[in-house]
Amino acid sequence: MASDATPPPIDQMAATTLKDDGPESLALWAQFSDRVLIRSIVCRSDGGAGLAGQKVRVGGWVKTGREQGKGSFAFLELNDGSCLANLQVIVDKDVSSLEQLVQTGTCIYVQGELKKPPEGTKQKVELRVEKVIDVGLVDPSKYPLPKTKLTLEFLRDLVHLRPRTNTISAVARIRNDLAYATHTFFQKHGFLYVHTPIITTSDCEGAGEMFQVTTLFSDSDKLEKELKENPPPAESEIEAAKLLVKEKGDIVSQLKSAKASKEEISTAVSELTRAKDSLASLEERSKFKPGLPQRDGKIDYSRDFFARQAFLTVSGQLQVEGFVCALSSVYTFGPTFRAEHSHTSRHLAEFWMVEPEMAFADLKDNMNCAEAYVRFLCQWLLDNCLDDMEFMVKNFDKTAIDRLKMVASTPFERISYTEAVQRLENVTDKKFENKVEWGIDLASEHERYLTEVIFKKPVIVYNYPKEIKAFYMRLNDDMKTVAAMDVLVPKVGELIGGSQREERYEVIEKRILDMGLPLEPYDWYLDLRRYGPVKHCGFGLGFERMVLFATGIDNIRDVIPFPRYPGRADL
């Protein structure tokens, strides 16, 4: 590192991730920013003490600030979001005006020397500022995030500012690590990442709770405005235009009969063409009517943008199956949408799903993959995100880290749906709100009782009744159940849902019809069963549920950056 705090040449720059080579290693310059990440200073094994004497530039937002020594200097707690911990920064009044620096929320970019603080202090290193390069001021009387503790519910009204809080920034880093771990796991095992469409014409779940994508309303508004400014032609205008076309046509005929010159005939034909175009335009405009286009008393979606009904996807599974039937192992990871009018702490209108698919694989392979994936995620957080997880333990769920350790190290229990129901029916120490009987869709209270009380570890329930599962799940030989599986974990219940897919054409066609769904939107999906069908399976993990499980936070609206739910779609 250069002594004047100038970053080294780009070909010599270290990576931005922490690389701790012991107490003598230098702080790392961010590769694409002229500064040192606070994480690379305070998250070292020596707390940054080995960096004393190094000159660095740092930037961040003031968490707390106070003037000391009768206003001769100020202590600032600075955080740049790279980690939970703050860097203590000391600024003398000779370097900068202190009043504007000590306000919570102020952004500062400073240069100085790292020093060891006096013995007995909590910090292992602090920054003595030599130069204030830039300041982003804040008006403390208007700043909506004071130093006092704020509820998560309050912060939902400030989604653009809440990442500055310890809780939401910690959730963001945990979420980032889970996303990185997801790609790492599937790439490591030879899966290809496929981007499936957000706009679809297929309903994967068959539930009908989908957001419609249409331009008909905006088109109708535009047309209504246009008709006010330029009303449709009257019948007399159209008749006059027809008469003009006839007159121009007669002129062309007369000129041809009289064997007029080519130039005269060409001019007359051009005038006839213009007359016909004008008539066509008038006739087309005469058909314009305000409101949505109708056909046979129903909305005419052939006039819509995609010439048919279209929706926001509830799952990328159906589309990614087209790739698994060619590339063998694939996964998709993206946003999905459900127009469900639910205000519970477990539902969002927009959420993210991880959906792998495997060819030449059955239900057992599916369960093995799902278990390995969840255990990998848990171990990843323990290995790479422990500081943020310890924050969650301290503030939200004392069992969060123990839960991760248990899941990462414990083989999952596997039981059939029938056995699960029998176990729940025999429960005597708890009265469930939802009656337990064969054929029900297990409620969250049932799922959590299985995993938290009966088995005290993650549970995979498989072979569900066909009536409560989707049409694409493979029908078992008993003709009553399908090769479906759900992974249940403590705290959230169902974390993963999956199945072996139905590859037999006649069977899946009948299942679609039996569920009252039209065949036409799924004709392309049936092609995968017509042409070289393959045994395959897959599952979907609700990403926000995984974050809930990991952090112990209670409300799903607090583990996604921009929550969308009935009545709210801020930003």
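**Helices, strands and confidence**

Guide: Let's start with helix H3 (residues 166-188) and helix H8 (residues 363-384), whose axes come within 9 Å and cross at roughly 135°. Helices here are DSSP runs (H or I, at least four residues), numbered from the N terminus. This is a predicted model, where local features need pLDDT of at least 70 and side-chain atom pairs count only at pLDDT 80 or more, while totals for chains, interfaces and linings use all residues. Residues are numbered from 1 along each chain as its sequence is written, and side-chain values use heavy atoms, with hydrogens and water left out.

Visitor: Why is H3 called oblique to H8?

Guide: Angles run from 0 to 180 degrees between N-to-C directions. Under 35 degrees counts as roughly parallel, over 145 as roughly antiparallel, 65 to 115 as roughly perpendicular, and the rest as oblique. The angle is roughly 135°, so H3 is oblique to H8.

Visitor: Which residues of H3 meet H8?

Guide: Among them are Ile174, Leu178, Phe185 and Lys188 in H3, which meet residues of H8 including Cys369, Phe376 and Trp380. Contact means heavy atoms within 4.5 Å.

Visitor: What makes up that contact of H3 with H8, in nonpolar, polar and charged residues?

Guide: It divides into 13 nonpolar, 3 polar and 2 charged. Ala, Val, Leu, Ile, Met, Phe, Trp, Tyr, Cys and Pro count as nonpolar, Asp, Glu, Lys and Arg as charged, and the others, Gly among them, as polar.

Visitor: And what makes H13 roughly antiparallel to H14?

Guide: Helix H13 (residues 505-514) and helix H14 (residues 523-530) pack at an angle of about 160°, axes 9 Å apart. That angle is what makes H13 roughly antiparallel to H14. Their contact includes Tyr505 and Glu509 of H13, plus Tyr525 and Arg529 of H14. The residues there divide into 5 nonpolar, no polar and 3 charged.

Visitor: How do you know that strand S1 pairs with strand S4?

Guide: Two strands pair if DSSP finds at least two bridges between them. Here 7 bridges join S1 (residues 55-68) to S4 (residues 107-115), and the strands run antiparallel. Arg57 stands opposite Gln111 in S4. S4 is also joined to S5 (residues 126-136) by 9 bridges, again antiparallel, and Ile108 stands opposite Val135 in S5.

Visitor: Where does pLDDT stay under 50?

Guide: Over residues 8-25, for which the model has 35 contacts beyond four places in sequence. pLDDT is the predictor's confidence in each residue, from 0 to 100. The protein chain has a mean of 91, with 94% of its residues at 70 or more.

Conventions. Helices (H or I, at least four residues) and strands (E, at least two) are DSSP runs, numbered from the N terminus.
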